[in-house]
Amino acid sequence: MAEMFQGGVHRASTIRRAVVIGNGFAGAENQSIGLVRALDLWGRQSLYRVTRPRGGINEWLHWLPLSLHRKVMPLHGSSSGLSSDVLEADAKQIAEMARQTFDTDGPLLVVASGRDTIPVSSAIKHLAPENVFVVQIQHPRSHLNRFDLVITPLHDYYPLTPEGQGQIPWFLRRWITPREPPGSNVVLTVGALHQADFTALRNAASAWHAELAPLPRPLLVVNIGGPARNCSYGIDLGKRLAAMLQNVLWSCGCVRISFSRRTPEKLSRILMKEFSTNPKVYIWDGEGCNPHMGHLACADAFVITADSVSMLSEACSTGKPVYVIGAEHCVWKFADFQNSLQERGVVRPFTGKEDMFKSWSYKPLNDTAEAASRVKMALAERGWSI
C-alpha cells in the first residue's frame, strides 16, 4: 500500500504541470502566468496561444467570434504570428495529451485568460473532464459551469448592482452579462492578477540595483497607458499631467516616465517636449530592457493613468503610494473599479499639490496569492493537490 501511494495513486492526484492558453495580449497572458507562479508551477508550464488572422481588414474584425473570423479570413502561413516556442492551442490535442499522460504525470492544470481562449479551454474541460482542472480568468459571460473555476474582478458584476441596472435601458438588460450573481466556482478579486510577486520584485530590485539604487529620492514613477472604451481621454489629460508633474517636481529626487503601446503619440509628445531636457526626469523610449519591474520594485510612489487595471493592480500590491489621474473619465465598470480602489484607501487622486516626501500606507492588494489559495482549496475538494 505504501508503494502504491508513493507511486501511481500519489502521482495521479498531484498536479505538477500546467498549460497556459494565451491570446497574444500581455495583459491577459500575464494574469495566467502570475497565477501559475503563485501556484509554484513556474518552469513547469507550456504556453499555447489562440490566434486570429492579422493585418489589413483583420484589425477591424476582432469583434467577431474567433471561429467565424477564421472562416471569413483563414490563417495563411506565418500570419498567425506564433513564435517557435509557442504552440497553437488545439483543444483536442491538449485533451488527448492530458488523458494519455494522466497515469504517469498526473492531472493537468489549464489556465486561460481572454475572450478568444474561452472556446478552447471549455472544450478541453468537455473532452477530458477526469484529467484536467480548468481555470478561466476574466468573466466568460455565460455558462460558467464549463469551467472548474472562474477568477474575475468584482467590477465585472457591476451590471447587477442597483447603480449598474440604472444605467442600462430596460430593453437591453436581458443582453447585458453577467445575468446572475457569482456561483460557488467563481473567485472574485479586486483587480487583475499579475506576476509582480515578492520573488519577482526582489529579483527585479537586484537586477536594476546598479541603475536605480543610486538615484536621488524620492523616486516617482509615472506609468501612462492610453484611452480605452470605458476610459476615454485625449491630449488634454497629457497637458494636465505635465502641469501637475511640474508642480510636484520640487519634492521629487527624480521622476521616471514610461509609456505603454497604447499611449497615443500626441500624448507622449507633450510629455517629451515638457521634460526631455529636465535633468530630474528620465523618459524610457521603449528601447532596451523594459524597466517596468524595476520601477515597481524601486519606486517610492506612482502616478498612473486610470485606464489600466493591470498597472494599477500591480502598483497597489506594493504598499507604496499610488496616485491616479483621469479617473473622472472612467465610466461603467471601470468607474466602479476606481471607486473600489479609493474606498479601500489604496489609491488617491493626483492633484499636483502632493509632497512626495510625505508617504502613506495601506493594506496592499493580494489578489494573485488569494486566487491561488482558492485554486488549491478547489483542488483539495476534488482530492487533488499541487
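A: Let's start at Trp332, which belongs to helix α14, the run of residues 332-344. Keep in mind that what you're looking at is a predicted model. The backbone at Trp332 has a phi near 55°, which is a positive value in a residue that isn't glycine.

Now look at what the Trp332 side chain is doing. Tyr158 and Trp332 make an aromatic pair of the edge-to-face kind, with 5.3 Å from centre to centre and 85° between the planes. Tyr158 sits in the loop between β6 and α7, while Trp332 is in helix α14, so this pair ties together parts that are 174 residues apart in sequence. Tyr158 itself is buried, at a relative accessible area of 8%.

Phe102 is in helix α5 (residues 102-105) and Trp384 is in the segment after α15, so here the parts being tied together are 282 residues apart in sequence. Phe102 and Trp384 are each buried. There's also an aromatic cluster, made up of Tyr323, Phe350, Trp360 and Tyr362.

The charged end of Arg37 sits over the ring of Trp42, 5.8 Å from the ring's centre. Likewise, Arg174 places its charged end over the ring of Trp175, at 4.8 Å from the centre.

You'll find Arg141 in the loop between β5 (132-137) and β6 (149-153). At 32% relative accessibility, Arg141 is partly exposed.

Two prolines are worth a stop as well. Thr177 and Pro178 are joined by a cis peptide bond, with omega about 0°, and Pro178 is in the loop that runs between α7 (162-166) and β7 (186-189). The bond from Arg217 to Pro218 is cis too, again with omega near 0°. Pro218 lies in the loop between α9 (209-212) and β8 (219-224).

Seven strands make an open sheet with parallel pairing, and the order across it is β3-β2-β1-β4-β5-β6-β7. The edges belong to β3 (87-88) and β7; each has a single partner strand, so one side of each is left without a neighbour in the sheet. Inside that order, β5 and β6 pair in the parallel sense over three bridges, and Gln136 has Val150 in β6 as its bridge partner.

Which strands pair with β11? One is β8, which runs parallel to β11 and is joined to it by four bridges; there, Val222 stands opposite Val303. Another is strand β12 (residues 322-325), which also pairs with β11 in the parallel sense over four bridges. In that pairing, Thr305 stands opposite Ile325 of β12.

Finally, a bit of open space: the second largest pocket has a volume of about 270 Å³. Its lining has 16 residues, and Ala196, Asp197, Phe198, Asn366 and Ala369 lie nearest its centre. Helices α2 (26-38), α8 (198-207) and α15 (367-381) are the elements that give two or more residues to that lining. Sorted by class, the lining of this pocket comes out as six nonpolar, six polar and four charged residues.

Notes
Residues are numbered from 1 along each chain as its sequence is written. This is a predicted model: local features need pLDDT of at least 70, side-chain atom pairs count only at pLDDT 80 or more; totals for chains, interfaces and linings use all residues. Side-chain values use heavy atoms; hydrogens and water are left out. On a 1 Å grid over the protein atoms alone, a cavity is a set of points where a 1.4 Å probe fits but cannot get out, and a pocket is an open set with protein on both sides within 12 Å along at least five of seven lines; lining residues have an atom within 4 Å of a point. Grid points are joined across faces, edges and corners, and a volume is the space filled by probe spheres set on the points. Ala, Val, Leu, Ile, Met, Phe, Trp, Tyr, Cys and Pro count as nonpolar, Asp, Glu, Lys and Arg as charged, and the others, Gly among them, as polar. Buried means under 20% relative accessible area, exposed over 50%, partly exposed in between (1.4 Å probe, protein chains only). Rings of Phe, Tyr and Trp (its six-membered ring) pair if their centres lie within 6.5 Å; planes under 30 degrees apart count as stacked, over 60 as edge-to-face and the rest as tilted. A charge sits over a ring if NZ of Lys or CZ of Arg is within 6 Å of the ring centre and within 35 degrees of the ring normal. Two strands pair if DSSP finds at least two bridges between them.
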